[in-house]
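Hi everyone, thanks for making time today. I'd like to walk you through a structure that may be new to you, so please have a look at the screen.

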Amino acid sequence: MMQDLVTERWEGFLKRYCWNELIEMSNSYPEKRSLFVKFADMDTYDPNLADMLLEEPDVTIASATQALREMDIPTGVTLEEANLRIIKLPRKLKIRDIRSGDIGKLAGIEGLVTKATEVRPRVVEAVFECPFCGHIFSVEQTGGRQFKEPRECEEASGGCGRKVQHFKLLVDRCKFANTQKIRLQESPEELRGGELPQAIDVNLEDDISGEIAPGDRIIVTGILRSYQRTTQFGKTPFFDIYLDGNSLEVMEEAFEEIQITEEDEREIMELKNQPDVYEKLIRSIAPSIYGCNEIKEAMILQLFAGIPKELPDETRVRGDIHVLLVGDPGVAKSQLLTYQVKLAPRGLYTGGKSSTSAGLTAAAVRDEFGEGRWTLEAGALVLADKGIAAVDEIDKMKKEDRDALHEAMEQQTVSIAKAGIMARLNSRCALLAAANPIGGRFDRYETISKQINMPPTLLSRFDLIYTMMDRPDEEMDTKTAEHIIETHYAGEVLARVKNIGKVEEGEKEHFGVAMRIMEPAVQGDLLRKYVAWSKRNVFPVMSEEAKSKFLEFYIGLRRQGYDDEEAPVPVTARQLEALIRLGEAKARTRLSNKITVEDAECVIEVVNYCLKHVFTDPETDKLDVDWINAGTTKTRRDRARSIKAIITELEAEHGDEVPVEDVLDIAEEEGMDRDKAEEVIEAMKRDGLLFSRGSGVIGLVR
Ligand code: ADP
Ligand code: MG
């Protein structure tokens, strides 16, 4: 009776609030078979029923669904299989706050999808046949984890009632629903102070399964349920909680999440109008780290990002700026990375040797989670979609990641084709990576590619690369040391004040100075809002002068290869694209829709710095992209050519195989460093240009 009343109330509600949607749904039924009801509407219509929805969602939603399915609709369609789904609960429950009291209640949970199984059918109504009397009857399979099999033939529907060991399951008469299991994790930005994210598993059924992919940010409304944990020894007294998903909402764009009030907007405009806004922004990055200004500048440009473009020919060009820091240990690489992650919305910090199987990109696995289904698991770059992924010690990444990273960085997608899973996930994020050279110390005379074990093809996808060397230098060391000592001093005083509220005589004044050193020029909160406002509202375009500046710079560099066929390749079109992206980001730092000639000059300086430090062959001091791109340079190629010539010469005397010592001697006579000559020979052996059957002799492979 009660149930009927509730159903009636729902009927009234649906007619009043959802009539148009119902008509619409009936027109494209059954493809469209979910009606989404806003909780607030129900609350206005009948607060008691809304309360009931929260407290006793199972029966309430069942009644609502019944009302929906029995609805008399003028289009003449009966919505027998329709689902009623509740969205926009007023209060969101945090995953870490879920307690036993929440079980059985309706809850809205927000998070990041880290895993999703493939969509597979689940039996919702199993049909059995009695082996004795042939009676056919059905058993409803409610959401539980166990398949419900009857023990005896069903008398109520006319069966023989006998006990039966095994009923025959009539598969083609069973009713199925599509299901998918996902894992929802707390959003990284909600975590404070290095907490580990917690997660909850969610079951999705029917038309809301298969709608989302790992890396998506969603709100799931559903009913919290528990199930008993089992071990190999049987049941335990502990229960796990999962969410029976009722509805899904995909969350807004990353920067939309940042609320900007009118007051904020005033502050943003005020900051924008300051003549030194760019320098101020740079000085706001990691003030506790001394120096590294070029890198901090790159980090600011990365935060603002260039413009992702859909070109008229349907190609997409990324706007995100990838930055790589390579350097000696202890030069604050990790610190800079963590700082950037704190500033960026959807920032995510991870090690190259990530602990999850998904690593940096994604993986398809078949484990316990999927209960027989394949699971697609998102890695760091997918989870950081529309944000910034900071990957520390990227030199330690897995081989699969190294391969998949090419696509993830340039196309900004991760494709997986394994077993039943074919998926393409988005990884529209900027990558800030740090790498330690294999030998521990950075060697200027060795290629970066070799030192951090990263293929040149990947290296070339970074817009900016910085080398950070830790070389003793008294002036610099003193300044850095003073800075570190002051920041630690301030930290010490701060810790005492916080804990016991006591400042000693004479500390106050000094403390003020120390605090000022660490004060960012623009507070993190305002900086975040400033960036968000800019990314939302500013879409700069190159001015004619900026265009010609870029052209002039690029052609100027390329020119060295025009007259001299033997000259190294100085830069490629990739560097030009990087330049344009950086120009866009630079204009955005001023909230300007125009990339001026000053912007162009500024970012040319930024790129030039990298070119000088990273792309320049230290032996010739010439710009040579191959220095990092191909892992070999013009000088190396020249050397290889000389070695070949020497061997050919010696062949006249020795035949096919010539003594290595003789080759080295002649090379030395010709002015080549003996070590270098040896290195080139080794490299040529590796590349299959030389063979060596016995020790001490080599020959040319023809
Ligand atoms: P890396 O990741 O490059 O090995 P870390 O980021 O772990 O180095 O830095 C080591 C420590 O040295 C950090 O506590 C950092 O604050 C400090 N440090 C290194 N360089 C600087 C600097 N220039 N200014 C301030 N602190 C620094
Ligand atoms: Mg480190």
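Let's start at Phe176, which sits in strand E8, the stretch covering residues 175-185. One thing to keep in mind from here on: this is a predicted model. Is Phe176 buried, exposed or partly exposed? With a relative accessible area of 41%, Phe176 is partly exposed, because that value falls between the 20% limit for buried and the 50% limit for exposed.

Now for a contrasting residue, His406. You'll find His406 in helix H11, which spans residues 399-410. Its relative accessibility is 18%, so His406 counts as buried. And what is His406 in contact with, once we leave aside its neighbours within four places in sequence? The answer is Gln411, Pro455, Thr457, Leu458 and Arg461.

Let's step back and look at the domains. The domain assignment of the protein lists five entries: domain 1 at 2-87, domain 2 at 95-250, domain 3 at 284-471, domain 4 at 538-629 and domain 5 at 634-700. If you take the C-alpha centres of domain 2 and domain 3, they are 36 Å apart. Those two domains do touch, with 21 residues of domain 2 and 18 residues of domain 3 taking part in the contact.

Finally, the whole protein. There are 23 helices and 29 strands, and the C-alpha atoms fill a box of roughly 105 × 75 × 55 Å along the principal axes. How many of the 702 residues count as buried? That would be 49%. The accessible surface comes to about 35,400 Å², and carbon and sulfur atoms contribute 49% of that surface. As for contacts with a separation of 6 or more, 68% are between residues 24 or more positions apart.

Conventions: Residues numbered from 1 in each chain as written. Chains lettered and ligands numbered in written order. Predicted model: local features only at pLDDT ≥ 70, side-chain atom pairs only at ≥ 80, totals over all residues. Heavy atoms only, no water. Helix = DSSP H or I, 4+ residues; strand = E, 2+ residues; numbered from the N terminus. Buried < 20%, exposed > 50% of the residue type's maximum accessible area, 1.4 Å probe, protein only. Domains from an automatic or database assignment. Contact = heavy atoms within 4.5 Å. Areas by Shrake-Rupley, 256 points an atom, 1.4 Å probe, with all protein chains shown as cover.
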